[in-house]
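Visitor: I am new to this structure. Please show me how to read a few of its features.

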Amino acid sequence: MFQGYYNLASNLIVQNRNMNVISNNMTNISTPGFKSDQLVQGTFRDEILYRFERDGTPIGTTSRINTAEGVATDQTQGTLRATERALDLALSGKGFFAVQSGQETVYTRNGSFNVDNEGYLVLQGLGRVQGQNGPIRVNTDDIRVTEQGYVLSADGRENYGRLQVVDFADYEQLEKTANGAFRSNAQPQGVNGMVIKQGYLEDSNVSMVQEMTNMMSGQRSLQSSAQLLKMYDQLSGKAIQLGSM
């Protein structure tokens, strides 16, 4: 009977985490460049197969609880939406913009840039946009950006630098931070065939329909586990009463 408590309690914990992930996706559905997350759950069957194939662990010593093994991020490109704003940039294909946030460099697909009071190109809430030779200082919002990432004055006479756009060999090494950006200890690499589109933003790849479906499924699972836990509690109480007679 106590195993049932563990199974149901573990499912409640996992589904609570799952609801948090879903809620975060839905909150960021309008955040440019945001990549949706999905909770990766481990089941009894998965654990058995893994342990049996690895070292032949007997079933009797294998945990039967449901577990949250981590969060997987969908790096699929979102739709590119025209804004006609000079400081809005979108990456077509692979790659990330590099942004200096505090003492570290983070990476993002969000190209909704602005100019701070010192004339630097910035991403609100993160920091200054990095060029290949440091932060890019433009001193104006009237700029032109080529498909190769060169930031020029509107008349093309002044070159402010080239945007630092990087990629990673293994996206699983990326850790999501605030505002949908990523950090990584891995060495970034260049991007072949990178195209930057000025006057566009990449929309979030979150599907509201899918998230609503996932939320309803998670809520049903939570409710079922809670009801079953209540039944287990009642049965335990009756068992204790019978045992004391």
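Guide: Start with one residue. Gly149 is buried, at a relative accessible area of 0%. Keep in mind that this is a predicted model.

Visitor: Which residues is Gly149 in contact with, leaving aside its neighbours within four places in sequence?

Guide: Gly161, Arg162, Leu163 and Ile196. Gly149 and Lys197 are 48 residues apart in sequence, yet their C-alpha atoms are 9.0 Å apart in space.

Visitor: What share of the chain's contacts with a separation of 6 or more joins residues 24 or more positions apart?

Guide: That share is 64%. As for burial, 38% of the 245 residues count as buried. The chain has three helices and 18 strands.

Visitor: Now a charged residue. Which side chain of opposite charge is nearest to Asp167?

Guide: Lys94, 4.9 Å away. A salt bridge needs the charged atoms within 4 Å. Asp167 is buried, yet has no salt bridge.

Visitor: What polar contact does the side chain of Asp167 make?

Guide: Its partner is the side chain of Tyr171, at 2.6 Å. Asp167 is in the loop between β14 (165-166) and β15 (175-176). Beyond four places in sequence, Asp167 touches several residues, including Lys94, Gly95, Phe96 and Pro188.

Key. Residues are numbered from 1 along each chain as its sequence is written. This is a predicted model: local features need pLDDT of at least 70, side-chain atom pairs count only at pLDDT 80 or more; totals for chains, interfaces and linings use all residues. Side-chain values use heavy atoms; hydrogens and water are left out. Buried means under 20% relative accessible area, exposed over 50%, partly exposed in between (1.4 Å probe, protein chains only). Contact means heavy atoms within 4.5 Å. Helices (H or I, at least four residues) and strands (E, at least two) are DSSP runs, numbered from the N terminus. Lys and Arg count as positive and Asp and Glu as negative; His and the chain ends are not counted. A polar contact is a pair of N or O atoms within 3.5 Å; within protein, one must be able to donate a hydrogen and the other to accept it, and residues adjacent in sequence count only if both atoms are side-chain atoms.
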